[in-house]
Amino acid sequence: MKQQGNRMAQSIGMIVGKFYPLHQGHINMILQARQLVDELIVFVCSDSERDLKLFEESAMTRLPTSEERTNWAKQVFATIPGIQVESFIEDGIPAYPNGWQAWSERLQATLNALNIKPTIIFSSELQDEALYRQYFNLPVRLMDPPRAQFDVSATKIRTEPYRYWHFIPSHIRPFFTKQIVIDTRFSDTLLLQSVIKLFQSVDQKNNSQLQFIALDQHQLPQSIHHYHQEMIRINGIIGSPAFIEQALGTIEQINLNKIQNSRDLPYYNMMAPSLFEADETENNALMQFNELNHFLAQILEMPATK
């Protein structure tokens, strides 16, 4: 609190960002800012066209709605008093950095509607400091612009999520989980049960980097259309040649993976001979086990689509 005459003036901070996705660096900045003010308002910005483009160019496997992204922050800060999280819709405003006038006017109108009068703005973006001062006539405090405390960014996470997995809050990780569709003809085999166990043995519940979905071939069209409606990507296919062909054909027909062509989608033919050369100490079962492990490891290492 600051003394003003005979009354105490409340300090109110404001932070604005896409948080696409929210990560530990963002969380650190927000909590640091909260130590410096009595109340903190955090706006999670969304723009339908921009956010879809970010998703299409990312390694994310599920498109988050603006409401879900706002709830990411609400869930993180629910137990911290004095932090208010709100959504801010940017649709129709010229793309950054050209729309500052219209953007600031809409944000000010939103603040007025919420009856919030910030006294300071916090940001980690050096290039925004002067513009915040110009359009809001408020002091600006930069919080770790070089990201020395947490060397991560939302761009890095969208591009290589598993490299920065430890920076992603657990409730956000499912939006990066890669979906592997499996032909039910093989789902109960020792080979697939063993491989699935290997990849899920170190994952916590709901935090898996890979999710395995067993489907009958006749279920494929309906299931793939469902994933399309929910904006969920399929990242790999394991099955018979007929199963793989039908899955790829359906994905190509509805363009499930957006800018990713279905012909580039990794698949593993369970009925093909192993590509690994056997030696005297290996048998075919072991070779196929190692080959399938290699196939799934490559899927995890695949970067975002450029």
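Partly exposed, in this tour, means a relative accessible area between the 20% under which a residue is buried and the 50% over which it is exposed. With that in hand, let's walk through this predicted model.

**Stop one: the stacked rings.** Select Trp-100 and Tyr-135, whose rings are stacked at 5.9 Å centre to centre, with 20 degrees between the planes. Trp-100 belongs to helix H4 and Tyr-135 to helix H5 (residues 129-136), so you are looking at a link between distant parts of the chain, 35 residues apart. Now colour by accessibility: Tyr-135, at 26%, is partly exposed, while Trp-100, at 6%, is buried.

**Stop two: an edge-to-face pair.** Next, pick Phe-88 and Trp-103, with 6.1 Å from centre to centre and 85 degrees between the planes. Phe-88 sits in strand E5 (residues 83-89) and Trp-103 in helix H4 (residues 100-114), so this pair joins parts 15 residues apart in sequence.

The structure as a whole holds 13 aromatic pairs.

**Stop four: a charge over a ring.** Select Phe-55 and look for Arg-233, whose charged end sits over the ring, 4.4 Å from the ring centre.

**Last stop: two helices.** Show H9 (residues 220-229) with H10 (residues 241-254): they pack at about 40 degrees, axes 10 Å apart, in a right-handed crossing. Contact residues include Ile-224 and His-228 of H9 and Phe-243 and Ile-251 of H10. The contact counts seven nonpolar residues, four polar and no charged.

Methods: Residues are numbered from 1 along each chain as its sequence is written. This is a predicted model: local features need pLDDT of at least 70, side-chain atom pairs count only at pLDDT 80 or more; totals for chains, interfaces and linings use all residues. Side-chain values use heavy atoms; hydrogens and water are left out. Axes are lines fitted to C-alpha atoms, for helices over the stretch in contact, and angles run from 0 to 180 degrees between N-to-C directions. Helices (H or I, at least four residues) and strands (E, at least two) are DSSP runs, numbered from the N terminus. A crossing is left-handed if the near helix is turned anticlockwise from the far one by less than a right angle, and right-handed if clockwise. Contact means heavy atoms within 4.5 Å. Ala, Val, Leu, Ile, Met, Phe, Trp, Tyr, Cys and Pro count as nonpolar, Asp, Glu, Lys and Arg as charged, and the others, Gly among them, as polar. Rings of Phe, Tyr and Trp (its six-membered ring) pair if their centres lie within 6.5 Å; planes under 30 degrees apart count as stacked, over 60 as edge-to-face and the rest as tilted. Buried means under 20% relative accessible area, exposed over 50%, partly exposed in between (1.4 Å probe, protein chains only). A charge sits over a ring if NZ of Lys or CZ of Arg is within 6 Å of the ring centre and within 35 degrees of the ring normal.
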